[in-house]
Structure formats: structure tokens, C-alpha cells
Amino acid sequence: RGFLYLSDRVNDQVRLVDVAHDSVESLADGFDTPGALALDGDVLYVADTKHNAIVAVDVDTGDKNVIAGGSDGRDDGPVDTATLHEPQALALERTDDGDRIVFGGFDGDLRAVDLVNAEVVTLARGTAGFFAGFTPSDRGLLLSDNTGGLLLLSGDDLVHLAGAVAPEGYVDGDGSDARFTLPDLIIQAPPGVGDENDVRCSVAVNNVGRFVDVETGFVSTFLGGPYIDGD
């Protein structure tokens, strides 16, 4: 609708940018280090990191509602008793069984709020943890972990696409032979660009943009060069 929604972690706010009128205002405050956002119509889901909660914000009124969590922990169950530990990344995922909010943080758990059954479930444990936002694609959710692994969540199956837990670095090539350092955004190529297997990834520390073929896992660089600021 011509707006951008920003997670202002330092000021503990979610802010609204009116692109047409070049204006910025606070949409909602009272968060503690808010993380990733996911928009669903007139509802904005927020990872309220230090409050250990997932919060829904009405984008028309700014009203907030905690939909899961509020206490520190890793317990699954009904949304009013489940506990969360510092959620950072999240995305809205539409499944055949209904919508869910998939989220993760530094603790290495990948979890979801089932919006149909109003419960929190754990999808995977022992990952390298997450900070960068998750992104929907035709094949499932695209995820980048904190040590350079690129993953695909398809249903409840977590599939490794490329990169590895260690060592970090900058290497193009096949699947687990490739290396990344802090990949911070992974998206499917927009319609009309590339092919159906084409995923793009920006890598903050390496200063590059990279292609990932989700069918083969092959990684190549299309923009920039390693460790060269400004390229």
C-alpha cells in the first residue's frame, strides 16, 4: 500500500515509512530490541526479541497483541503457556494445513507458531542459529544461519542448500564446498529474472552478491568482490 515497515532495534519501535510522502513515523513502541517483521494484510508480525515474544501489530491502529511467548524458555505447547528464547528471524508461511509463523534465534532452535491450532512447535534443534530474516519462495522458506549455511524449510523438512557450519569464508562451488561469511539476505529471483531455481544471496562480510541454484546447490558470485568495501 505504499508503506515500508522498519524494525528500529535501538529505539525499540516499529516505524512506518510513507514512500509517497517521504515521511516517517512510529507505528508501535514498547518493544525490546525488535527483530524481523512479516506482513499479512493489515497485521504485522514482529519478533520482540528481548521480550521473548512474537507480537502482532495492527498496521492501521498500532495496537499490539502478544500471540506467543512472553517468558524466556524453550517449551512448546499452547501459545499462552509456551516459552520462547529471544526470537530474531521470522517469516509467515502458508501451508496446506493453514498459516504459521516460523521463527528462530541464536539458541539454534527453529520453531513455529501454528496460527490455526494456537500452539508453538519445534521444527529443528541444533542449527547454527539465526539472525537474518527468513524469506518465502516457491519451494518453501529460505533461511541463512549464523555461520554461513543456506537452508530450505520445505514443510517440516529442513534441507541444506549450500555453505557449511565451519569454516566460514568466501568460496564459490558445489553445495557444501561453498563458503559464506554472514549471509544476511537470501531471496528467490523475482518473476522474469533468472529461472525457477535461481536464488540470490547478499553476504555482508564478503561484500558480494551470489547466485545459489536450489536444485544443485551450486554457488557463484554475480556482484562485488571479497572484502572490498564499496564494490
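Is Phe 211 buried, partly exposed or exposed? Hi everyone, let's start with that one. Phe 211 is partly exposed, at a relative accessible area of 26%. For the cut-offs, buried is under 20% relative accessible area, exposed is over 50% and partly exposed lies in between, with a 1.4 Å probe and protein chains only.

A quick word on the source. This is a predicted model, where local features need pLDDT of at least 70, side-chain atom pairs count only at pLDDT 80 or more, and totals for chains, interfaces and linings use all residues. Residues are numbered from 1 along each chain as its sequence is written, and side-chain values use heavy atoms, with hydrogens and water left out.

Now the rings. The structure has 3 aromatic pairs; rings of Phe, Tyr and Trp (its six-membered ring) pair if their centres lie within 6.5 Å, with planes under 30 degrees apart called stacked, over 60 edge-to-face and the rest tilted. One of them joins Phe 106 and Phe 131, stacked at 6.2 Å centre to centre with 15° between the planes. That pair links distant parts of the chain, 25 residues apart: Phe 106 is in the loop between strands S10 and S11, and Phe 131 in the loop between S12 and S13. Strands here are DSSP runs (E, at least two residues), numbered from the N terminus. Phe 106 is exposed at 52%, while Phe 131 is partly exposed at 41%.

Back to Phe 211, whose ring centre is 4.6 Å from that of Phe 222; the planes meet at 40°, so this pair is tilted. Phe 211 belongs to strand S20 and Phe 222 to strand S21, 11 residues apart. Phe 222 is partly exposed too, at 37%.

The criterion is NZ of Lys or CZ of Arg within 6 Å of the ring centre and within 35 degrees of the ring normal. Likewise, Arg 210 lies over the face of Phe 180, 4.3 Å from the ring centre.

Last stop, Thr 127, in the loop between S12 and S13. Its side chain reaches the backbone oxygen of Gly 108 at 3.0 Å, and a polar atom of that side chain lies 3.1 Å from the backbone nitrogen of Gly 129. Leaving out residues up to four places away in sequence, Thr 127 touches Gly 108 and Leu 158, where contact means heavy atoms within 4.5 Å.

Thanks, and I'm happy to chat about any of these!

Note on methods. Helix = DSSP H or I, 4+ residues; strand = E, 2+ residues; numbered from the N terminus. Polar contact = N/O pair within 3.5 Å; in protein donor to acceptor, adjacent residues only side chain to side chain.
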